[in-house]
Amino acid sequence: MSSQVAQAARRVNHDLRGVVVSAGLMQKTVKVRVGAQKWNKIINKWFAEPKHYLVHDPNSSLRTGDVVSIMPGWPTSQHKRHVVKKIIAPYGVPIQDRPPIPTLEELITEREAKKGAKDERRASRRQEEEAARKEEARKLRERKEAKRLAQGGSRTEPRKTNLEDNND
């Protein structure tokens with residue numbers, strides 16, 4: 001069963017095209033400049049206003065100068081929200097000599113596998129904590145019982161409650 005994030009990622013059908021301006025400085029991350037224009041209504045002129053995105057590159061297959069297609073994905077880190085879709089025009093090293101770019105389905109299956117493993121670790125840790133809490137509670141009861149027996153109380157005698165005292 002797919003998660004909501006995976007379903008949303010499959011529904012996304014728009015992509016952005018840009019140029020890699022920084023590659024190899026961060027692990028599995030490149031900076032892509034996407035061109036845009038902004039209209040200035042005072043002087044009636046279009047101005048270039050490029051936008052930069054930090055993009056997840058799982059196999060570090062991009063080089064500075066590559067023209068790439070990117071698509072929005074899930075948050076990979078604090079500022080990374082996009083994933084490389086494909087290389088449109090390589091710069092320098094040919095595409096065949098680089099590690100392959102994973103498909104969307106491969107990225108989704110990898111993400112869900114990581115999430116499943118994390119959920120299993122979390123569940124086992126919670127079970128261990130619950131067992132430790134129960135063991136601590138059992139030891140506390142035993143200490144209280146030993147303290148009560150040391151003060152002269154007997155375990156075989158039933159305790160009288162307030163209701164029993166009133167009936168006598």
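Modeller: The dialogue below goes from the fold to the cores, the surface and the charged pairs.

Modeller: This is a predicted model, in which local features need pLDDT of at least 70 and side-chain atom pairs count only at pLDDT 80 or more, while totals for chains, interfaces and linings use all residues. Residues are numbered from 1 along each chain as its sequence is written, and side-chain values use heavy atoms, with hydrogens and water left out.

Colleague: Which elements make up the secondary structure of the protein chain, and in what order do the elements run?

Modeller: Helices (H or I, at least four residues) and strands (E, at least two) are DSSP runs, numbered from the N terminus. The protein chain has three helices and seven strands, and from the N terminus the order is α-β-β-β-β-β-β-β-α-α.

Colleague: What span does helix α2 reach, and what span is expected?

Modeller: The expected span of a helix is 1.5 Å times one less than its number of residues. Helix α2 covers residues 104-150, 47 residues, and its first and last C-alpha atoms are 69 Å apart, close to the expected 69 Å. After α2 comes G152, with a positive phi near 110°.

Colleague: How is burial read, and what share of the residues is buried?

Modeller: A residue is buried under 20% relative accessible area, exposed over 50%, and partly exposed in between (1.4 Å probe, protein chains only). Of the 168 residues in the protein chain, 20% are buried. In α2, the residues L107, I108 and E145 are buried.

Colleague: Which residues make up the largest nonpolar core?

Modeller: In soluble globular proteins, nonpolar side chains tend to be buried together. A nonpolar core is a set of buried Ala, Val, Leu, Ile, Met, Phe, Trp, Tyr and Cys residues joined through side-chain atoms within 4.5 Å. The largest one here has twelve residues: V20, A23, V30, V32, V34, Y53, V55, L62, V68, I70, V84 and I87. Two or more residues of this core come from each of β1, β2, β5, β6 and β7, and the largest share, three residues, comes from β2. Apart from this core lies another, of five residues, including A6, V83, L107 and I108.

Colleague: What does V30 touch, beyond residues up to four places away in sequence?

Modeller: A contact means heavy atoms within 4.5 Å. With those sequence neighbours left out, V30 touches V20, S22, A23, Y53, L54, V55, D57 and L62. For the protein chain, 53% of the contacts between residues at least 6 apart in sequence join residues at least 24 apart.

Colleague: Which residues form a nonpolar patch on the surface?

Modeller: Patches are made of residues with over 30% relative accessible area and no salt bridge, with like charges joined within 9 Å and nonpolar side chains (Val, Leu, Ile, Met, Phe, Trp, Tyr) within 5 Å. Accessible areas come from the Shrake-Rupley method with a 1.4 Å probe, and for residues only the protein chains shown count as cover. I42, I43 and F47 form such a nonpolar patch, together about 320 Å² of accessible area. I42 lies in the loop between β3 (37-40) and β4 (45-48), and I42 counts as exposed at 74% relative accessibility.

Colleague: How many salt bridges does the count come to, and which residue pairs with R98?

Modeller: Side chains of opposite charge can pair when their charged atoms come close. A salt bridge is a side-chain nitrogen of Lys or Arg within 4 Å of a carboxyl oxygen of Asp or Glu, and by this rule the count is ten. R98 pairs with D66, their closest N and O atoms being 2.4 Å apart. R98 lies in the loop between β7 (80-89) and α2 and D66 in the loop between β5 (51-56) and β6 (67-72), so the pair ties together parts that are 32 residues apart in sequence. R98 is buried at 6% relative accessibility, and D66 is buried at 0%.

Colleague: Which residue forms a salt bridge with E135?

Modeller: An α-helix has 3.6 residues a turn, so residues three or four places apart point the same way. E135 forms a salt bridge with R138, with the closest N and O atoms 2.3 Å apart. Both lie in helix α2, three residues apart, about one turn of the helix.
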